[in-house]
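Student: I've got a structure open and I'd like to work through it with you. Can we take it one question at a time?

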Amino acid sequence: MIDDGLKSELQKQGVFVVSTEWLYNWGRKSSIWPLQFGLACCAIEMIAAAAARYDLARFGAEVFRATPRQADLMIVAGTVTKKMAPQVVRLFNQMPEPKYVIAMGACAISGGPFKDGYNVLKGVDRYIPVDVHIPGCPPRPEALLHAILTLQEKITGQHIDRSRWYDAKATTEFPIPTCGEHDLLPPANPEVWQPPKDYTDVTNAAPTKKA
Amino acid sequence: MTDRMPVRLFPPAALLTSSGNLVRNSTLSQRYWFAILIMDSYSTQYFFVVVFLGAAVAFPLAPLILSRLLAPHKPTPIKTDTYECGLSAKGDPWVQFRVGYYIYALVYVIFAVETVFLYPWAVAFAGLSLGSFIAVMVFVLLLVEGLVYAWAKGALEWK
């Protein structure tokens, strides 16, 4: 291990000394390829972020892949309906590790203005682990850029030796919900989401017979 | 300028370089005969081709090998599934197409070939002789004959 004094001394001479882990993370954070996948109006803001005015390419994240096989990041941009939720989870399962999720907008976080809808999933984090949440309805492209930068920060702090993706025993597949009679089954993945203690899901409760 | 050298895998008896200098078979030239070959201008050009070939093979191979070494390999049934838009695949991907499309493709060939030949002919039309005009007309007639045959056989009707 090289000490910081020597490191900065070398840096003054134009020699950069970095650790393998830094190089590994730098490579990963500089080329986060998102899945080309939009669900609602947030996707329009996502497209704007990728286009010339906001230019997501400055952060190496402009290569939207049309297949989950090549994607590192899933930007859940929009309302996740209960009809769509199984597909979202399936696509996330098909992405190679290491993979990340950004929940973009109020709908992806909690159901947003459609939270009371019978057909809307109340937050995508009930089924897949979300790394960055972006509030807003819809969030502006700058907010998405901020989320990408936040994700880059998270990636920089990760360690190879403690990583989930080289751990053969770590969970790689998240169970895909099925459409039940009244709600998705199961209504949430307990591994990634636990209801708050004072939580009662009135809108999702199965109808009870009146006494 | 002698630029053709006998290329031999063992140390040659004597080397004639491009500048016309004869390098006799001394102990030095026996040891460094390959270096003398490289210094020769004609061989130098081939040496660069060899370097280029090596680089051309190494360049795509390096990321393939690196990704094999670094990428976490975690196949699961869902990940290795056929289809990629989020839905599970249904049915057989080996669908059969109607044989009628095949006949249409064949008839299309008549017009495709005709266009390819007639365009350059039409561009140079003003400067062509009567003979070349007749030659192209024969060619067009041959194709028209094919079209008439296809028409008569009912290949232009969708059944």
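Student: What percentage of the 159 residues of chain B count as buried?

Tutor: Keep in mind that we're looking at a predicted model. A residue needs 20 or more other C-beta atoms within 10 Å of its own to count as buried. Of the 159 residues in chain B, the share that counts as buried is 1%.

Student: In what order do the helices and strands of chain B run from the N terminus on?

Tutor: Start with the inventory: chain B has five helices and two strands.

Student: Over to chain A. Which strands are the edge strands of its open sheet?

Tutor: The sheet has three strands with parallel pairing, in the order β1-β2-β3. From one strand to the next, the twist averages 15 degrees. An edge strand pairs on one side only, and in chain A that describes β1 and β3.

Student: Which residue in β2(A) does A:Val76 stand opposite?

Tutor: First the strands: β1(A) pairs with β2(A) in the parallel sense, over five bridges. Across from A:Val76, the residue in β2(A) is A:Ala103.

Student: What lies across these strands? At what angle does α6(A) run to β3(A)?

Tutor: Two helices are worth a look here. α3(A) lies across β1 and β2 of chain A, at about 130 degrees to β1(A). α6(A) lies across β2 and β3 of chain A, and its angle to β3(A) is about 165 degrees.

Student: Are α3(A) and α6(A) roughly parallel or roughly perpendicular to each other?

Tutor: Two packed helices are described by the angle between their axes and the distance between the axes. For helix α3 (residues 42-50) and helix α6 (residues 141-156) of chain A, the axes are 8 Å apart and the angle is about 75 degrees. Angles of 65 to 115 degrees count as roughly perpendicular. So α3(A) is, relative to α6(A), roughly perpendicular.

Student: How many nonpolar residues does the contact of α3(A) with α6(A) have?

Tutor: On the α3(A) side we find A:Glu45, A:Met46, A:Ala48 and A:Ala49, and they meet A:Pro141, A:Leu144 and A:Leu145 in α6(A). By class, the contact has one charged residue, no polar ones, and a nonpolar count of six.

Student: Where does A:Pro138 lie, given the cis peptide bond from A:Cys137 to A:Pro138?

Tutor: Chain A has a cis bond from A:Glu97 to A:Pro98, with omega near -5 degrees, and A:Pro98 sits in the loop between α4 (85-94) and β2 (100-104). The bond from A:Cys137 to A:Pro138 is also cis, with omega near -10 degrees. A:Pro138 is found in chain A in the loop between β3 (132-134) and α6.

Student: Does A:Asp55 count as buried or partly exposed?

Tutor: A:Asp55 is in the loop between α3 and β1 (73-77) of chain A. Its phi is positive, about 55 degrees, although it is not a glycine. Since A:Asp55 has 13 C-beta neighbours inside 10 Å, it counts as partly exposed.

Definitions and conventions:
Residues numbered from 1 in each chain as written. Chains lettered and ligands numbered in written order. Predicted model: local features only at pLDDT ≥ 70, side-chain atom pairs only at ≥ 80, totals over all residues. Axes fitted to C-alpha atoms, helices over the stretch in contact; angles between N-to-C directions. Helix = DSSP H or I, 4+ residues; strand = E, 2+ residues; numbered from the N terminus. Parallel < 35°, antiparallel > 145°, perpendicular 65-115°, else oblique. Contact = placed C-beta atoms within 7 Å. Nonpolar A, V, L, I, M, F, W, Y, C, P; charged D, E, K, R; others polar. Buried ≥ 20, exposed ≤ 12 C-beta atoms within 10 Å, placed from the backbone. Pairing = 2+ DSSP bridges.
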